[in-house]
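Please have a look at the model first.

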Amino acid sequence: MDCIFCAIINGEIPSSKVWEDEVCYSFLDINPQAKVHALVVPKEHIPSADAICEDNAAVVAHIFAVIPKIAEALGLSGGYRVVTNIGEDGCQSVKHLHFHILGGEKLSENMA
Ligand code: AMP
């Protein structure tokens, strides 16, 4: 499968790693949209949040249990935003489930 995030997880493409465990991998976004912008992805290839179901929901629960640890490692003591884009209308460019962690400054009140 030709997936850039699978290649990053496998070490075939370099990344600035923030966190790794048996379930997920986190790295800095190459095109940051806030002072601090990281991504956290499941190691399992799940196409988007629209593909979350009972069979893989534990992976997502794990990621959300880890996000506060990633945020702490990134120094996001003032708060942060977690975003996932889904499909064409959601402007998802990489078809491997990922959560954006944005912060390090006061973010826009606009969500869309
Ligand atoms: P999305 O548009 O929600 O699918 O987000 C995909 C994100 O992946 C974008 O913010 C890109 O900047 C980021 N991205 C793409 N390629 C890389 C890469 N090689 N390393 C780090 N981030 C990347």
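A polar backbone atom of C91 is 3.3 Å from an oxygen atom of the ligand, which falls under polar contacts, meaning pairs of N or O atoms within 3.5 Å. This is a predicted model, where local features need pLDDT of at least 70, side-chain atom pairs count only at pLDDT 80 or more, and totals for chains, interfaces and linings use all residues. Numbering runs from 1 along each chain as its sequence is written, and side-chain values use heavy atoms, with hydrogens and water left out.

Now the shell. The ligand is surrounded by 16 residues, counted as near if one heavy atom lies within 4 Å. D29, N85, S93, H98 and H100 are the closest. By class, the shell has 9 nonpolar, 6 polar and 1 charged residues. Helix α1 gives the largest share, 3 residues; helices here are DSSP runs of H or I with at least four residues, and strands are runs of E with at least two.

Last, the aromatics. There are 3 aromatic pairs in the structure, with ring centres within 6.5 Å. F5 and F27 pair edge-to-face, at 5.4 Å centre to centre and 75 degrees between the planes, where over 60 degrees is required. F5 lies in α1 and F27 in strand β2, so this pair ties together parts 22 residues apart in sequence.

Note on methods: A polar contact is a pair of N or O atoms within 3.5 Å; within protein, one must be able to donate a hydrogen and the other to accept it, and residues adjacent in sequence count only if both atoms are side-chain atoms. Ala, Val, Leu, Ile, Met, Phe, Trp, Tyr, Cys and Pro count as nonpolar, Asp, Glu, Lys and Arg as charged, and the others, Gly among them, as polar. Rings of Phe, Tyr and Trp (its six-membered ring) pair if their centres lie within 6.5 Å; planes under 30 degrees apart count as stacked, over 60 as edge-to-face and the rest as tilted.
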